Each structure stands twice: as structure tokens, then as C-alpha cells.
Amino acid sequence: MNGARKSNTLKLAVIGGDGIGPEVVRAALPAIIDAAAAYGVEVLVTELDWGGDRLLAKGAAMPDDAIGIVRAHDAVLLGAVGHPGLSADVSVWSLVLPLRKALDLYVNLRPVRAWNGVESVVRNAELTDLVVVRENTEGEYTGVGGRVHTGSVHEVATDVAVHSRRAITRVARYAFDLARARGQGVTLVTKSNVSRHGYALWDEVVEELGVAEYGDVPLEKTFVDAMAARLIQRPASLGVLLCSNLFGDILSDGAAPIAGGLGMVPSANLAPDTDSPGVFEPVHGSAPDIAGKGIANPMACVLSGAMLLRANGLDAAASLLEEAVGVAVQTDEGRTPDIGGRSTTASAGETVRAALASAQSRAPRTERLRL
Ligand code: NAD
Ligand code: IPM
Ligand code: MN
């Protein structure tokens, strides 16, 4: 999935999922296909009906050979999970978490930036260009734990946070490399003042790696509680935030208002330097409060598509798509209500396509064939 493309096709598995998931995917996919086509790459789509409806009908959100099916593709575009007919934990533990785990997608990348034309409640949002690098395999997400004495006054429940040197090292290396490439520093986010085993290990491992291999990349250590305030008050002071699984989850939603809200923040689940396909999905969930209304913002999904193209060697197509989003959200037709407009999901997606088409007609052909 990394490096320049050797083929002129890209095999894409598409999982709409639940709630607004299928709505944003339907609106975003044509723009993603157009952007790849502008660089001579045909996207071959396999639509997968996986999710809550399938679970209710057939007893499983995904088929038994799900991972094999996914592995036969270059990448996965996922809308969202969270079905109103199921408890939230069943939805997530039957699809999105097993996918991340089985493919060992150890980096969850969540870039957050401001957009011209999209108002932000955050001061100096326009000066901000940060990325959350979230450890994506362990922490509070291993499923280790349980309940005993159920229903009695002695009931006890545990969810054990697991932090390993190996998992910290590989995600920290990714964060340092990314910070170096972006010309930014790494800000490590922990709670090692209280969790003095797991987060102490984070502090040690990241510091050791920084000293040994990344002396040129500034490293700052912070606590998650202070970071929650800083994201709102001084977001432009941040570059690469290196977070554990749970802290990265929370802080990426916390950072979303910088971009205008959850409708504007994409993500990539990656296993760099392996042959596992990445899973690309908006940071937001299935948004049951607006599902079926046709007003969900598809831009987070479009931008996840741009990350997908980039991870598959189509850098110029990715940039073209991001620029088209930038143009679209400056227009009334490109803005859904969450970012101050009146557009529908479908017409916001179409506006991105129109912006793509007009950018293509302006770009010199050599530029378009840069790949
Ligand atoms: P959510 O992200 O679905 O919604 C939070 C708020 O943001 C809601 O008011 C919603 O309307 C709004 N919002 C989200 N996406 C939007 C968009 N594209 N356009 C406009 N507004 C948007 O979070 P939640 O309500 O806490 O969770 C709902 C369900 O989604 C839960 O079952 C949860 O477990 C699941 N979830 C799934 C994922 C995923 O699939 N990766 C991520 C987060 C939550
Ligand atoms: C996200 C979501 C998921 C997470 C859930 C759906 C498992 O909130 O992708 O941010 O916690 O990672
Ligand atoms: Mn989340």
C-alpha cells in the first residue's frame, strides 16, 4: 500500500456501515474516483454490505472470511458504525475494531486544519496544522477485562489498559518521521503523573527513541488534561501529537472544532511498511441524530479518500482532491448545515466533483501526469 503505484488500477473495498456512513460514502466516492481518474488510475470498487443491518439479518456484521476479502484489496473506505438497533459496543466490536486489529493497523492518523470559508469557534484556527498520531492496537482497546459478582453489591468491572514497548516504539517512530517530514515537533500526550506504569513506559520509550534517533526533532511531554485546554486556546502551537489509543480518540474529536467540526476531520488506519490495506474513515460516527436526513457533511469522508489515495502512491490526486474540498467549502452549495450552509450531503459531494473538474481543466497536462 505504500510507495508509487505500479498499476493503473486501485482495488477499493467500500463499507458504508451504519447511520450516516452509507450517506457520506455515497456522496464522497464519485469525487475520489474522479481524482484517481485524473491521474490515469481506475478505481475498482467492491461494495460490502457489512454492518449493523447485516448483523441483525444474518447474525454477523462481517462474513467469516472478511479479512481475506479485505486483504484482496488495496484499501478500505469505511463510512461509520453504530446501529440504532444494537448496543454501541456490539457495533464497534463486530466491525471496526476487529478490522483494525486483524490487519494490525497500528497507526491512526488524524490531521486537523482550518478551512477558508468554514468558521471555527477556535481562536487562531487558521494558523493551525496539526496531526494526531494515535496508537491503534492497544491501550484501553485490547478488550482485556471483565465483570464479576454481576448484579450484586460486590460487582466489580475492569478494563485493563495494556501498553507494550513494541507498540509504543513503532508508533513513536512513525510520529517522529512524520514530524521530521512536516518540519514540526512531537508532543507526547500521557497521564504518567497518575498512571505511573503504562504511561511511564510511554515517557521512557519515546524519550529514549528521541535521543537515540531523532535528535533533530523537538520533543515535548504533556499531560492529557492540560492538552484538552491547549487544543482550544493555543492549537497553533502544536504539530504532531503522539497519543495512546484512548487519548488519541478523545483528543481528535476535541480538535475537530478547529476544522469546523466532526464533519471535516478524516482519518487513516495504517500498517506502514507492510502489505496490509489501510482503512480510511471519517473521525465521526454514525450520527444517529441526523441519519436519513440527507444533511450529513461528506467532507470528512472525501478527505479520508484523499488520505487513501496518498497512502496508495497517488499524492497528486490526493492533493487535487483536498484542493477541491477547499474550493467547495467556500461555496453555498458545498457547505452542509454543520458548517454553516444549507447544502445536502449529495450536493456537497457534487460540488467537490465540479471543483475537481474545473481544476483539471486549468492544470497543465504535465502537472497532471506528475506521478
Ligand atoms: P458521532 O460522531 O456519530 O456524532 C456526534 C455529533 O456530531 C452528532 O451531533 C452528529 O450529528 C455530529 N456529526 C457527526 N458527523 C457528522 C457529519 N458528517 N456531518 C454533520 N454532523 C455530524 O458520535 P456519537 O453520537 O458519539 O456516536 C454515534 C455512534 O457512532 C455510536 O454508536 C458510536 O459508537 C459510533 N461511532 C463510530 C465511529 C466509527 O465508525 N469510526 C466513530 C465514532 C463513533
Ligand atoms: C473512532 C471511534 C472508534 C474508536 C470506535 C467506533 C471504536 O470513536 O474511530 O474515533 O474509539 O476508535
Ligand atoms: Mn472516536
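Which polar backbone atom is 2.9 Å from a nitrogen atom of ligand 1? In this predicted model, that backbone atom belongs to Asn297. Asn297 is also listed among the closest of the 20 residues that surround ligand 1, together with Val81, Gly285, Ala287 and Asp289. A polar backbone atom of Gly285 is 2.8 Å from an oxygen atom of ligand 1, and a backbone N or O atom of Ala287 lies 2.8 Å from an oxygen atom of ligand 1.

The protein is divided into two parts, domain 1 (1-105 + 275-371) and domain 2 (120-259). Their centres, taken over C-alpha atoms, are separated by 25 Å. Contact between them involves seven residues of domain 1 and 10 residues of domain 2. About 660 Å² is buried between the two domains, with carbon and sulfur atoms giving 43% of this area. On the side of domain 1, Arg100, Asp104 and Val283 supply 50% of the area buried against domain 2, more than any other three residues.

Polar interactions across this interface were then examined. Three residue pairs are in polar contact between domain 1 and domain 2, both residues of each pair being at pLDDT 80 or more. One salt bridge is found across the interface. Asp104 forms a salt bridge with Arg170, in which the closest N and O atoms are 2.9 Å apart. Helix H5 (residues 96-102) gives the most to the side of domain 1 that touches domain 2, contributing three residues. Classified by residue type, this side of domain 1 has four nonpolar and three charged residues, and no polar ones.

The residues around ligand 2 are Val92, Leu97, Arg100, Arg110, Arg134, Tyr141, Asp249 and Val283. For Arg100, a polar side-chain atom lies 2.7 Å from an oxygen atom of ligand 2. Arg134 likewise places a polar side-chain atom 2.7 Å from an oxygen atom of ligand 2. In the case of Arg110, an N or O atom in the side chain is 2.8 Å from an oxygen atom of ligand 2.

How values were computed. Residues are numbered from 1 along each chain as its sequence is written. Chains are lettered from A and ligands numbered from 1 in the order in which they are written. This is a predicted model: local features need pLDDT of at least 70, side-chain atom pairs count only at pLDDT 80 or more; totals for chains, interfaces and linings use all residues. Side-chain values use heavy atoms; hydrogens and water are left out. Domain bounds come from an automatic or database domain assignment. Contact means heavy atoms within 4.5 Å. Buried area is the accessible area (1.4 Å probe) that two parts lose on being put together, summed over both. A salt bridge is a side-chain nitrogen of Lys or Arg within 4 Å of a carboxyl oxygen of Asp or Glu. A polar contact is a pair of N or O atoms within 3.5 Å; within protein, one must be able to donate a hydrogen and the other to accept it, and residues adjacent in sequence count only if both atoms are side-chain atoms. Helices (H or I, at least four residues) and strands (E, at least two) are DSSP runs, numbered from the N terminus. Ala, Val, Leu, Ile, Met, Phe, Trp, Tyr, Cys and Pro count as nonpolar, Asp, Glu, Lys and Arg as charged, and the others, Gly among them, as polar. A residue is near a molecule or strand if one of its heavy atoms lies within 4 Å of it.
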